[in-house]
Structure formats: C-alpha cells, structure tokens
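This report looks at a surface feature and then at the place where two chains meet. The sequence and structure come first, and the reading follows.

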Amino acid sequence: MKSTTGRFSFFAVTSVLGLILGTSLGWASAITPYEFNDPANEARFQALSRELRCTVCQNQSLADSDAPLAQDLRRELYEMIQDGRADMEIRQFMVDRYGEFVLYRPPIASHTLLLWAGPFIMLLIGIAIGLITIKRRRKAL
Amino acid sequence: MIPELGQISLILALILATLLATIPMYGAWKNDTRLMALAPSLVIGHFVFALLAYLVLTVAFINHDFTVTYVAMNSNLLLPFAYRLSAVWGGHEGSLLLWILMLAGWMLAVLMFSRALPTVYRTRVLAVMGIVSIGFLLFTLLTSNPFERILPGPPDGQDMNPLLQDPGMIFHPPLLYMGYVGFAVAFGFAIAGLLGGKVERDWVRWSRPWTLIAWAFLTAGITLGSWWAYYELGWGGWWFWDPVENASFIPWLIGTALIHSQAVTEKRGAFPAWTVLLAIAAFSMSLLGTFLVRSGVLTSVHAFANDPERGLFILGFMTVITGGALLLYALRAPRIMAGEGFDFVSRETALMLNNMFFAVSAGMVLLGTLYPLVSDFMGWAQVSVGPPYFSAMFILLMTPVVMLIPFGPMSRWKKDEITRIAKPLAISAAVAIVLGFSIAAYLGAWSARAITGWIGGLWLIFGTFSYLRTALRGRRRGLPRHQIGMIMAHAGIGVFVIGVAMVSSSTVQRDVRVEPGQTVELEGYRFELTEVVPVKGSNWIADEARFRVFRGDRELFDMNPQKRRYHRGGQIMTQVALRPGITRDLYIAMGERLDDNDAWSIRIHIKPFVRWIWGGALLLALGGLVSASDRRYWRESRTQAQKPARADQSGRTNAAGDEVPA
Amino acid sequence: MIKMLVPFGIFVALVIMLIAGLDTAEERQLVASPLIDKPVPTFELPGLYEPNVQRSNADFVGQPWILNVWGSWCWACRVEHPFVERLGREAGVPLVGFNWKDEREDALEWIDRYGDAWTTHVVDFEGRSAIDLGVYGAPETFLIDHQGIIRHKHIGPIDQTIFNDLMRRIMELRSEAESA
C-alpha cells in the first residue's frame, strides 16, 4: 500500500509504534488478583482503575489495559490504597507525573469550564428557543 | 475478472454520478422534462457499475488474488470463506466501496419506489445523492483505491485481524453503513425541498420510512457493535464512549430527533425548518464520523486508519456538502411553510422538548469527543474526556426524556390538558414506583441507580402500555403499524434502561488467582477450576481453563475460557467464557499464567440483566422497521384536488389523540 | 437572516478546529510531560555493571546532564542508538542510561552487541522511579540542568533533526551552568 505520509509523520508514526511495540513485547494482563482487606477498598481500586487512563494505550483505562506500564500503575494504585491514601491524593499523584491527560474525568477548572458548562448552556439555549417557538405557535392558533 | 475492471467501473460510476448531479439538476431548475428524464437511467447505470466494482473486489478475495494489495493486506490462504467475503469491508479502502455500493442502492430504491413524487422534486433528490456519491468515488479513486496492485503478488497474504474474524464483526459495518448512507436520503429530500423553495407535507411523509429504516439499521449496527465488544474484548464492558463509538452515536441521536421532527412536520406542518436542519445535521454527523474514524485526529482503539491527508480530503468534502447545505438553508429556510399553531400542552410541545434534549445530547457527545482538540487548539492543558464525563452528562440529559416519553403519544395534537393525560399515566407511575422498589428489594439491589433504573424502565413500559390500551379502545381492527412500532420502540427503551441501570450498579467482579482444584465463590455461584489444557484451533493454539459451575449443591454447567495465540501475527486474544441468561450473565476471562503451579489470574463477572441492554435496543430497531412498513407511508398520495382540505387540520381525533381521516 | 446563518457559522468554527486538529494530530499522540521546569524526581537506583552501587540524581548536580530511558526489548532504542552514541561523545555532559523494566543479563548482552553509548548507568527493574519520571515508553530522553531541573523531554527515538535540537539545547544549558 503506498504510503502517503510525509517524512516527519513517518518518524512520528514509527516512534509511537516503537513505544507501543516496545512496551507490548513484555505482554501482561489487565487481570491482576490483588487482595484487599476491606471490600470498600476493592471497590475504590476498581473505580479508580477505570477512571485513570493508560498512557501507553490508544484509549483504555488502567482496568482494561494489558500493557506492562498499566500493570505497574495498577500496582502503585494498589499500594497507595493499602497505604491509606485518599482518592484525591492518588489522582494528584498520577497527574503530577503524567499530566491531566491521565484522568478520564477531566477536572473542573478554568480550562474545562467550556466542557462542563457547555451542555447546560446548550440546554438553556434550547429551552429558550422552545419557549419562543411555543409563544409564536400559540399566536397562530 | 481482472481487478482493473473494478477500477474502470468506479470511474464509470463517477462519470455517471457527475452527469446525474449536473444535467438533470439543471433540467429541474429549468423545468426541462427531457433533461430530467435522464436521471433514471443514470441512477441505474451508477448502481450497476458500483455493484460491478464491489463484485470484482469480492471475487478477488474469493480467488485469493494477492496481486491486489488490499486483498494481500486483509486476507490469507487459511482464511475461511465467510471471512473472505466480509474482509471486503474489513479495511479502509474496501469499506468505502461498501459505502458507495449502499449509496447507489439507496438511490436506486428511491428511484423505484417514488413514482408518486413530483418529477422535479424527485430529480433533485437523486441529483443531490449523486453529488454525495461523487465525493465518495473521488475519495476512493484518488486516495484509497482498493484495486491497487502489487506485482508480482506475494504467495500468501497477511492475516485478517483475528478480532475481525467473528460473526458479530461481519454484520456490524454493513448495518452501520446502511444507517449512515440512509441518512443521505433524508438529506437529499431536505436539500431538494430547499432548492425548490418549499417542503410539502407529502414529501416529508414520503421521506419518513426511509429515515426510519436508516435509523433502525443504525440502531441495530450500534447494538451489534456493543454486544460484540462485550464478548470479544475480554473486559466485560459494553460501551466505552470511545471516539469511534461516539462517531456513530452522534448521528443516531440526531436521527432520533429527526424521525420525531418528521412526524410533527408531516402531521401538522410544524417545524419544517427544524426537520430540514436535522436532516442536514444527521447526514453531516455521519460524514463527520467517517472523518473522525479515518483521519487520525483523535486517538482511539478502534480507528480504521490514521492518515491526515485522507482526513483533509474528507474534511474538504464535508465542507462542500454540509457548508453548501447550511448556506442554502440560510437562504431558503425562511421561505418554507410555517405550519399550524399549537398550544403549551400539546403533542407538538412534547416532541419539540424531546428533540431538544436529543439535539443537546448529541452536542454534548460531540463536545466531549472533540474537547481534547479544543483544549489543544486553545493552548490549554492536554486533557482526556472519558466515560465519567459522558455517562454523567448523558444520564442527566436523558432522565427528563425518560420521564417525558409516555406523555408524548398520550397527548393530543394542537391542544391538550395536562389533567386529561395525567390520569391514566398516574396509575402507570404508581405501579412503576411500587413494582420498581419491590423488584429492586427482591434482587437485593439497593443502590439509588438500580432503583431509579427499575422505576424509570417500568414507567416507560407501563406508560406505553397505557397508551396501547387507550389506542385500542373503540378500535375494531388492530392498531396501524406505525403505532405498533412506536409502542415497541418506547417499551424497548424501558427494557434498555433497566439493563443499563442493573449492570452499572450491581455487577459483581473479582480478579482472583486460581490453581487447578481451587474454587472461587461469588454471589452464591461456585466456580471450580478443574484443569488448564492446551487446545488447537484452525489458525491458533490456546490454553483453555476448564471450570465447573455450581449453584449451592447443584452442578449447573461448564465454562471454558481460552487464551489464544494466532499463528500468523502472533496476536494473543482472550476468548471469554460466557453463560448468558435472562436475568444475569456469567463471564469468565483468563488473565495470565502466574509463575507457580499452573495458577492463572482469572476475572469473573456476574452481570445482572445485561442482555436487556441489547434486547431493549433490538426492540427499538424492530419498532423502527415495523413503523416504516406502515402502508400509509407507501400509498400514492391523493392529488391536491382530491384531498379534503380539513382532514389534517380538524380537531377530529380519536381517544388516543390521533387524527381520524375525514 | 443572520439568525439563519448561525448553523453555518457553527459549522465553520468546527471545520477550522478540525483542520487545526489534523495539523496537531501527531504531536497529540504524545503525552506532554508535566515535569518540565520542575526538579527531577529523586531516585536511588543500582548501577548496571556494579549492581551493589547505588546512584542518585544528587550525584549529577552541578552540571547539566542527559537521562536516556532504554531497554533491550525496545526496538526503537536500537534505531536511535547511533545518535545516542554521538550524544555521549559530543555533548560533553554525563549521559545516564536508565535501563527500564529489563533483565540485567539481557541489557548487558545488548550493550555487548550494539555498544555502550552511555557514561553512567542506572537500572530500574521494578519501574517505580520511571513512574515518578512520568516515563510511559522507551526511548525517552530528558535534559536536566545543573540545578537538577528538568528542562526538556523528548519522547520517541532520536533522529538527525532531533539530535541537532538536543545538542543546541545542551549547549545552552552548558553555558548557563558556566555563567552561574
């Protein structure tokens, strides 16, 4: 198949591939049998591992990824929970190292205001248009 | 059949599409019957060549013609026959050929079944669809030619991705494409209407079954994709809000708003501009989805191909089609008819609210999907938007809809009173609440989500049946199909809601280490691992874990998950062991061998009511098809002179609030 | 009339953003590091040739240095190796090889075969320090200044263009250190 990508993109693609290939050669599994003393902690572990993104995967959470790095991060997650650290702390730990990219639930901050408020703004506009429309159509009755 | 024949066919199809988009369109403008009369033969010819090209590629796969690059990349000598057929659409280039074929097919269908439409209008519809076809044919011929050759051909091809070697994956793309392409019909109707300067109710009535069929297929395609991901991908999820999934969901949401808007415009003439706009949006979102999946602009597990150059082409094409359509809309929309009036409490209002929520939901999913792009564009931090955002927002936006749905069919057109509707529904609501609590209690599912899910779902089911009772009252014969379809669909949503609520609130999952001889206990089930043995398949080798499943003392059945290794590519795939049931699925996936004693890490899920998710969605799709088959959409329209002027405008309604023809 | 153009306007904005998105698609595949201009995370790791010796980031304070993450399993590391060797020879600063998630024997064998480009080695078998560094794949290359602040991170293999860029940055860090 003829490649239509340019030279720069070739390197970008191969480097990304290299990263992925490189790390996936040591194949692991998303299924990690950790023991928890407290069922609440197990629930926290499952919830957090679904909320945290696997940085080396295309688009998977830590819970679903087979990548070795994901396994390492799940181990960190487990140890932090056993250590008694709070959810917020654990998220901050990840963000400090990998950036906000690693959170599937984007934080509510000035740069995500549009994201979180957007749907409600759309809703308000929709309701406004609806009310105007009804008013007009009532006149035509 | 030599592959070059396929390429020539595509070029011929392109020529015919170009002729179709220009000459008859000009004829329609000038009201020149002779020029317009060219359209039918052009449509037929276009279809013939599209079909020919598709068949040439199919034959190349059947005959293992590895001199065709696309065949060599997506098939090999070991690939079973059925998968060779489906491999035609398994890759980027071939899937475009499927798009083109389906578009040509829909155009032919519109031609064959639309004799009742005025020639000028019908010609414009076909010409507009021809323009769309030009875009796809150019895209294929210029950037994604499936007929490219490698000479000399390799002795064997690469393998088809094992993930795709599955019956679920065979049907998923064709069903989806039927939906996307079908929206092009509604788009064609809308543009033809704008070009002509009016949108006749007859035409909207005429486009409804096509839109319903397209929507139903899209529903089925998305459902199939979800079900497939569940049993094939090994993590027990059924929806991940991945960009590619969202790319199919956004047109679906708009499509849902569209079919309801069409109902209002057809029945009462109201919202013609909204119907047109939604038709443009639905198809545009289909195009956008195509763009997202193939351009590499978003990171996704599922993405077809990551080629920004191709992405630019699709974007250009979309700009022309959608941009042109929206400009036309800006120019012409004020002119199309205004329609009847209606009051605060009326079916029109209910449907308008419904459409508003669906449109906003579509906007929300689009916003979330594109937000990483926005954030980067604005120079803000690199963010990810995933299930926590989408789920939360979607539930928020859809809850009012769920509450609203039973009110829609029960309300009269034009003007109604809340008390009249509320009485029969109040009983449904009460029953739903009581029964919902009781069932949740019986199941031990005490979470807020489970309880509200049961109440909401039962409310939908009982509320819809309340309508059924009302509608049947005083009717000698059965209900018309479009009402049956609606009842099926709305009840289906109820079933769906229950499934989602139970799975998301009450799934039990454990990751454990198991050795042969050990037993895992979960929710009253006992899973005993007897042994782990090697197993061979046609093109793979696997470790199979043999589980015996008990409930209490009774032995129920065996479950045997596998960890497969495919010979060709060396890929490792998890073959999940699934025991489906109406009230719960049992699910076992193997992790990896843990160093000692043949021990493996195993994931066991008990997923309550998960089948209701797809059952409800299938009901939804079937409801759409049943509705579309209603004869009232397919009968020839009476001419303007014959139609009694007041038939659709009188307040004559039966108990159910439907029009009674004069 | 303006009202009717709103959908068109929204669409135009969308298209502009998508074009920009296409342009930036490749770089968005990479996870930007939040550690730029922050102190390099503390680590204490064994050496490769002398596993009993512990090395720490503190050992390198006082001059700029390069941290290069690699592994014998990493295919792209082989591709970039000639440039890593040049860095080692020409940069004039310590080039620390950070052996990540690798078996010691495999790493030694790899070096035997392809050459030792690095001036010093540390080994992170478990991957904990790598996580602190925000490493998510190999190869990755960090440029750290004389005060121990991470100033630049390159993700992926080094080619000629990137090599030139890295050399330029290292020269800047070196003159910074000298004037300090």
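## One residue as a starting point

In this predicted model, I15(B) has a relative accessibility of 43% and therefore counts as partly exposed, since that class lies between buried, under 20%, and exposed, over 50%. The residue I15(B) is found in helix α1 of chain B.

## The nonpolar patch on chain B

I15(B) is also one of the residues of a nonpolar patch on the surface, which it forms together with I2(B), L5(B), I8(B), I11(B), L12(B), L19(B), I23(B) and L38(B). Taken together, the residues of this patch have about 690 Å² of accessible area. The greatest contribution to the nonpolar patch comes from helix α1 of chain B, which spans residues 3-30 and supplies seven residues.

## Where chain A meets chain B

How much area do chain A and chain B bury between them? The buried area is about 4,900 Å², and 66% of it is on carbon and sulfur atoms. To this contact chain A brings 51 residues, while chain B brings 63 residues.

Two salt bridges are found across the interface of chain A and chain B, and a salt bridge also links R510(B) with E42(A), whose closest N and O atoms are 4.0 Å apart. On the side of chain A that touches chain B, the elements giving two or more residues are α2 (39-51) and α5 (113-139) of chain A, and α5(A) provides the largest share, 18 residues.

Technical notes:
Residues numbered from 1 in each chain as written. Chains lettered and ligands numbered in written order. Predicted model: local features only at pLDDT ≥ 70, side-chain atom pairs only at ≥ 80, totals over all residues. Heavy atoms only, no water. Patch = residues over 30% accessible without salt bridge, like charges linked within 9 Å, V, L, I, M, F, W, Y side chains within 5 Å. Areas by Shrake-Rupley, 256 points an atom, 1.4 Å probe, with all protein chains shown as cover. Salt bridge = Lys/Arg side-chain N within 4 Å of Asp/Glu carboxyl O. Helix = DSSP H or I, 4+ residues; strand = E, 2+ residues; numbered from the N terminus. Buried < 20%, exposed > 50% of the residue type's maximum accessible area, 1.4 Å probe, protein only. Contact = heavy atoms within 4.5 Å. Buried area = accessible area lost by both parts, 1.4 Å probe.
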